[in-house]
Amino acid sequence: MLSAHDISRKPGEMREHTLTIPAPARWGEGIVSVPAGKELNLEVRLESVHEGILVSGTVDTEYEGECGRCLREIAAPVEVEFQELFEYPGQEAADFEVQDDHVDLETLVRDATVLALPFQPVCQPDCPGLDPVTGERRTEPASEQDAPVDPRWAALQNLTDHGSASDAARDTEES
Ligand SMILES: [Zn+2]
């Protein structure tokens with residue numbers, strides 16, 4: 001809740017606020033979310049217009065959860081812009097209304113934040129994920145691990161095998 005008392009009904013007036021408040025609840029239903037109590041750093045601008053108070057600003061916070069591929073715990077910053085017109089109460093109900101010269105930012109900031117959360121979060125862009133057979137975390141990207149050995153390297157491997165075989169044969173002859 002932010003007071004707009006001093007600019008209410010005074011079109012052209014503007015106030016800026018910087019505030020840090022804890023998230024009032026867990027925001028987000030996916031595999032990552034902003035946990036309750038996480039700091040929300042808000043830069044908010046309130047502008048008085050004829051119809052009400054135009055609220056705009058940014059929220060800067062952090063989400064937590066699991067990598068969608070390897071299930072490792074992750075946390076990353078998220079910064080989102082928001083803007084909404086809070087209308088003065090009138091005959092028609094509006095989604096956002098100025099109430100007792102106050103604007104309630106919670107729904108606005110929550111919705112903007114939740115929309116900005118990644119749908120498929122990863123710990124790193126090329127996270128190799130889990131091995132489908134063992135369920136262990138892979139250490140190499142799947143594409144490289146699954147690729148067959150380059151035939152030229154396979155040929156070299158044969159040479160090496162031959163070499164050691166003949167070495168062994170020579171050792172036998174010498175003894
Ligand atoms: Zn991962």
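Trainee: In this predicted model, in which sense do strand 3 and strand 5 pair, and over how many bridges?
Mentor: Strand 3 covers residues 32-33. Its pairing with strand 5 runs in the antiparallel sense, and the count is 2 bridges.

Trainee: Which residue in strand 5 is the bridge partner of serine 33?
Mentor: Strand 3 spans residues 32-33, and serine 33 falls in that range. Its bridge partner in strand 5 is glutamate 64.

Trainee: How many residues lie between strand 4 and strand 5 in their hairpin?
Mentor: Strand 4 and strand 5 pair in the antiparallel sense over 8 bridges. Within that pairing, arginine 45 stands opposite serine 56 of strand 5. The two strands form a hairpin, and the number of residues between them is 3.

Trainee: Which residue takes a positive phi in the hairpin of strand 5 and strand 6?
Mentor: This hairpin has 6 residues between the strands. The phi in question is near 70°, and the residue that takes it is leucine 71.

Trainee: In what order do the elements of the protein chain run from the N terminus on?
Mentor: The protein chain has 3 helices and 7 strands. From the N terminus on, the order is β-β-β-β-β-β-β-α-α-α.

Trainee: Which element supplies the largest share of the largest nonpolar core?
Mentor: That core has 20 residues, and those with the most contacts inside it are Leu46, Ile53, Val55, Val103, Leu105 and Val109. At least two core residues come from each of strand 4 (39-48), strand 5 (52-66), strand 6 (73-87) and helix 1 (106-116). The largest share is 4 residues, and the element that supplies it is strand 5.

Trainee: What percentage of contacts between residues at least 6 apart in sequence join residues at least 24 apart?
Mentor: The protein chain has 175 residues, of which 17% count as buried. Among its contacts between residues at least 6 apart in sequence, the share joining residues at least 24 apart is 57%.

How values were computed. Residues numbered from 1 in each chain as written. Predicted model: local features only at pLDDT ≥ 70, side-chain atom pairs only at ≥ 80, totals over all residues. Core = buried A, V, L, I, M, F, W, Y, C linked by C-beta atoms within 7 Å. Buried ≥ 20, exposed ≤ 12 C-beta atoms within 10 Å, placed from the backbone. Contact = placed C-beta atoms within 7 Å. Pairing = 2+ DSSP bridges.
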